[in-house]
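Please keep the structure open while reading.

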Amino acid sequence: MIAVLSLFVGVIQISPSQVFSDAETLKLVFDSRFPRTAAAVIAGATLSVAGLIMQMLVRNRFVEPMTAGTGQGAALGILIASVVFPSSSIQVKMLLACSVALFTSLGFLAIVRRLPPTQPLLVPLVGMVYGGVLGASVTFVAYQADLLQYIDIWMNGEFSGVMRGRYELLWIAAAVAVAAYFVADQFAIAGLGKEASLNLGLNYNQIVMLGLVVISIVSALTVVTVGLTPFVGLVVPNIVSRRFGDNLRATMPMTALMGAALVLASDILGRILRHPFEIPVGTILGILGAGVFLWLLYARPRNV
């Protein structure tokens, strides 16, 4: 229902009857409205899955890629490609963004492993500081290279520029998220910790690296296509786990579905709040996500 509504909400008002009677309206739907809707659905679903996997690997429910350095690393990779290889293709930018995002994810994991396990709230705080430092580095380099306006596109998620031919990379992220479903049980075992995983016969390091690759690809492709979209991978897995438990294979589809609905609903809200102007979906999610994050911290279960 939300996806259908998204096809008819925008600056140009259209009705369902026009789609079948007016060739220009049909072209608008296929060239703009459908790609935008598909991009929001894929971004929300894949970011939620990536957040769920990161929470398992880090063993903390209050982290997610876009606020713990992975998304900022992807933006840094895009910036490096733009400065060093200014004429590079989008594929080169994507590859470099994935590589830098993987590197920054490894850095966050290394930092987290040094934190005391008795202080779980240190993990999200350190993640935000880590992501903030990387984001500040991106801004500084962009300032020195006179690319502040350019990099601002990647630092705040929005879907107004999504058109046919400019969002298809997200289907790769969707394929990666679907592939992650088939190893969901291994991610769940890895979430028990290294010792328990090894005792159960799991190749712990291999699964952790696989999870980080999934997180990095999803984050990089999302940043390349629509920009940083915060808090989706944080609030959605927490809400789903509180309602449906921690069976990763069973809850991953529900997590993806709820993440898609959240991003799509936020995008529609951004289109109608100041119509005919738009509020970026990253701004909407930043406000909503921050509020839900504070609620999760305050109302966390006693055993966390």
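In this predicted model, helix H6 gives the second largest cavity three of its lining residues, the largest share from any element. The space inside the second largest cavity is about 40 Å³.

Helix H6 (residues 122–144) also packs with helix H4 (residues 70–84): their axes come within 9 Å and cross at roughly 20°. Because angles under 35 degrees count as roughly parallel, H4 is roughly parallel to H6. The crossing of the two is left-handed. On the H4 side the contact involves Gln72, Ala75, Leu76 and Leu79, and these meet Gly131, Leu134, Gly135, Val138, Val141 and Ala142 of H6. Seven residues of this contact are nonpolar and three are polar, with no charged residues.

Helix H12 (residues 232–244) packs with helix H14 (residues 281–298) at an angle of about 45°, the axes lying 9 Å apart. That angle makes H12 oblique to H14. This crossing is left-handed. H12 contributes Val232, Leu234, Val235, Asn238, Ile239 and Arg242 to the contact, while H14 contributes Leu285, Gly289, Val292, Phe293, Trp295 and Leu296. By class, the contact has nine nonpolar residues, two polar and one charged.

H12 is also one of the elements around the largest cavity: helix H3 (23–58), H12 and helix H13 (248–272) each supply at least two residues of its lining. The residues concerned are Leu52, Met56, Arg61, Pro237, Val240, Ser241, Gly245, Asp246, Leu248, Thr251 and Thr255. Five are nonpolar, four polar and two charged. The largest cavity holds about 40 Å³ of space. The count of cavities of 30 Å³ or more is two.

The lining of the second largest pocket is made up of nine nonpolar, four polar and three charged residues.

Note on methods
Residues numbered from 1 in each chain as written. Predicted model: local features only at pLDDT ≥ 70, side-chain atom pairs only at ≥ 80, totals over all residues. Heavy atoms only, no water. Nonpolar A, V, L, I, M, F, W, Y, C, P; charged D, E, K, R; others polar. Axes fitted to C-alpha atoms, helices over the stretch in contact; angles between N-to-C directions. Helix = DSSP H or I, 4+ residues; strand = E, 2+ residues; numbered from the N terminus. Parallel < 35°, antiparallel > 145°, perpendicular 65-115°, else oblique. Left-handed = near helix turned anticlockwise from the far one by under 90°. Contact = heavy atoms within 4.5 Å. 1 Å grid on protein atoms, 1.4 Å probe; cavity = no way out; pocket = protein on both sides within 12 Å on 5 of 7 lines; lining within 4 Å. Points joined across faces, edges and corners; volume = space filled by probe spheres on them.
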